[in-house]
Amino acid sequence: MFRKITISILFILTTIAVSSCYEEGGARGGNINEPEYRIVKPWQITHTYLNGEEITETDYYANRPSTFYYIYADCVLSVTAYFNGQVRESTAGHWIFKDHNKILEMEFSLLGYHYFYQATVKKLTKNDLIYEYDDPDGNHWRIEMGSRASY
């Protein structure tokens with residue numbers, strides 16, 4: 001009898017402890033369907049459009065197809081691009097959502113160029129990220145990325 005009561009109490013305490021860990025629900029402490037969770041993963045640019053035309057080359061290495069964006073939790077961002085046959089990585093990168101996840105703000109430096117833009121998020125799913133922004137020269141960029149996460 002004592003053993004059944006002890007097991008029942010332990011089961012109840014475990015249930016309370018596990019269910020109260022994350023107020024918002026979800027496996028990571030929040031809703032995994034929220035944009036903040038869907039965006040955190042490695043991405044690779046699949047298509048780049050400059051002023052409405054698809055391009056494969058640009059002096060803006062961060063916008064070239066095949067460039068990798070590693071978007072981490074806590075708003076940390078790392079961008080990796082190929083330059084003269086070498087892999088180059090950005091420095092001091094960060095990202096943040098604004099305006100109820102409609103605007104994606106990114107800032108980083110890559111190969112001597114400082115990138116800072118506020119992009120309009122056009123699509124963010126488990127496998128696709130598409131955003132658009134205007135650079136300081138008045139050019140309109142559309143960047144399409146595919147997820148490179150293995151989970």
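This is a predicted model: local features need pLDDT of at least 70, side-chain atom pairs count only at pLDDT 80 or more; totals for chains, interfaces and linings use all residues.
Where does Ile103 lie? Ile103 belongs to strand 7, which covers residues 103–110. Is Ile103 buried or exposed? With a relative accessibility of 19%, Ile103 counts as buried, because the cut-off for buried is under 20%. One distance to go with that: from C-alpha to C-alpha, Ile103 and Tyr117 are 9.7 Å apart in space, and in sequence they are 14 residues apart.

Now to the loops, and to backbone angles. Please find His100 on your screens. His100 sits in the loop between strand 6 (91–98) and strand 7. Its phi is near 55°, a positive value in a residue other than glycine. And what is the relative accessible area of His100? That area is 72%, so His100 is exposed.

My last stop is Cys75. This residue is in the loop that runs between strand 3 (68–71) and strand 4 (76–83). Cys75 is not a glycine, yet it has a positive phi of about 65°. As for accessibility, the relative accessible area of Cys75 is 28%, so this residue is partly exposed.

To recap, friends: Ile103 is buried, His100 is exposed, and Cys75 is partly exposed.

Conventions: Residues are numbered from 1 along each chain as its sequence is written. Side-chain values use heavy atoms; hydrogens and water are left out. Helices (H or I, at least four residues) and strands (E, at least two) are DSSP runs, numbered from the N terminus. Buried means under 20% relative accessible area, exposed over 50%, partly exposed in between (1.4 Å probe, protein chains only).
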